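Thank you all for coming. Please have a look at the sequence and the structure, and then I will walk you through a few parts of them.

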Amino acid sequence: MQDNHDNEAGNRRQFLKCMAWAGAGTLWLMKGGVLRAQPFGDGALTASLADASFSFAQISDSHIGFHKEPNMDVVGTLRASVARVNAQAARPDFLLHTGDLTHLSKPEEFDTLAGVMQESHVRKVFYVPGEHDVIGDNGAEFFRRFGERQHAGGWYSFDHRGVHFVGLINVLNLKAGGLGSLGAEQLAWLKKDLAGLSAETPLVVFAHMPLWPLYPPWGWGTDDSAEAMSYLRWFGSVSVLNGHIHQIQQKVEGNITFYTARSTAYPQPAPGVGPGPGPMKEIAPGALHRYLGIRDVRHVRGRQALAVTEEVLP
Amino acid sequence: MKAMAQGFTRPRAPFWRPGVLLVMGALCCVGVASHPAMAASASALKAMQTQQIGIRNFAFAPATLSVPAGTRVVWTNQDEEPHVVTSAGSLFASSKGLDTGDSYAVTFSKPGTYAYYCSIHPMMVGTIIVR
């Protein structure tokens, strides 16, 4: 796995070869609001697979257009993530991309992203934009290509096998000195969207930026997330999935469990470690894949809990 | 200058004679004493009229800049991450997405206080005070 040649093509070949090998992974089982980690290959995983009614996979922060250390080939690592999802024994019902598809919102970056996502055996992909996808046009190009077109603001919801999913937009109309923002109009819509549901309905809410104050000094949070959470508190099982920070962070707050996903492109430092939230550049050759990943979520019928599987690129 | 050109074009000319060198030296001295002096004042004026703001580690440096009216302010992104210079209240035009090494310049002609931020990382804020 270690390859210290200066030859970049050789490194890349070795890197891709590494990714083609079976690798380590972690299964997150949510039980009673507490998350438990188990390695892949463990017998418990098979058991949890057996009683799952469906699954979906989360991909995040592919940053197509980024071409610096530690990852000169973000297309290759996204492609590897998609291949990893394709290799799952049980095909996920759909994919979720939680934003920062591109690095600079360029049309050619969106083209490349769309092309790689078409390699997925899973037909349906739900997207929400990251702040990198709305540069210069407030997301017009993003929504034209990847929007669900339910509402002018871009937010949407859908039901899937008894679970209510909500996609929120928190990267637009940001205020100077602030964090991510949902805005009054979206909050009013969310309140109305949830009004008709019974408290037993499992909820999955997803958006790009963390919907909890994870680390505000680095902008890792959403100004009006507390208001949104006040609408979710009445439900028995709520999972909030975010991207943005390129690493796994979790938090349990009553019935609400928050997760952030890894990036398929490059890792960022832990909150407050180092001068800022830029890419971690000094990663040992062959080790990058350990920081990248996809997330596979299985709905376990009956317990109304979600088993969240975090898998690093092999 | 004409003498120097002749010196170079005539192979047999006693170009390296101390006397010629002296003349050249004198010419050079005249040059240093006159034109660069003008250039120096021009560049000093230009430096006064242009101020640089670095964007690094998700912050504007300096965060607050006080300049005389007419100053051209140049932001340069030194982060791996793109940034967008955006005026709070749209008092000046926003930049495009600035990738690593990209710059954006605005000339501030009217006195006032111009707050700005990065539209994709809004915790990044800065102020230009134009006197």
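Predicted model: local features only at pLDDT ≥ 70, side-chain atom pairs only at ≥ 80, totals over all residues.

Within the largest nonpolar core, which has 67 residues, the ones that touch the most other members are A:Leu168, A:Val204, A:Val205, A:Phe206, A:Ala207, A:Val240 and A:Leu241. A nonpolar core here is a set of buried Ala, Val, Leu, Ile, Met, Phe, Trp, Tyr and Cys residues joined through C-beta atoms within 7 Å, and a residue is buried if 20 or more other C-beta atoms, placed from the backbone, lie within 10 Å of its own, exposed if 12 or fewer, and partly exposed in between. The largest share of this core, 5 residues, comes from helix H3 (residues 74-86) of chain A, where helices (H or I, at least four residues) and strands (E, at least two) are DSSP runs, numbered from the N terminus.

Residues are numbered from 1 along each chain as its sequence is written, and chains are lettered from A, and ligands numbered from 1, in the order in which they are written.

Let us stay with H3(A), which packs against helix H4 (residues 107-117) of chain A at an angle of about 25°, with the axes 9 Å apart; the axes are lines fitted to C-alpha atoms, for helices over the stretch in contact, and angles run from 0 to 180 degrees between N-to-C directions. Because angles under 35 degrees count as roughly parallel, over 145 as roughly antiparallel, 65 to 115 as roughly perpendicular and the rest as oblique, H3(A) and H4(A) are roughly parallel to each other. In this pair, A:Val75, A:Leu78, A:Arg79 and A:Val82 of H3(A) meet A:Thr112, A:Val116 and A:Met117 of H4(A), and two residues are in contact if their C-beta atoms, placed from the backbone, lie within 7 Å.

One residue to look at is B:Ile120, in the loop between strand E7 (112-118) and strand E8 (125-130) of chain B, which is buried, with 22 other C-beta atoms within 10 Å. Not counting residues up to four places away in sequence, B:Ile120 touches A:Glu131, A:His132, A:Ile135 and B:Val84.

Finally, 21 residues of chain A are in contact with 19 residues of chain B.
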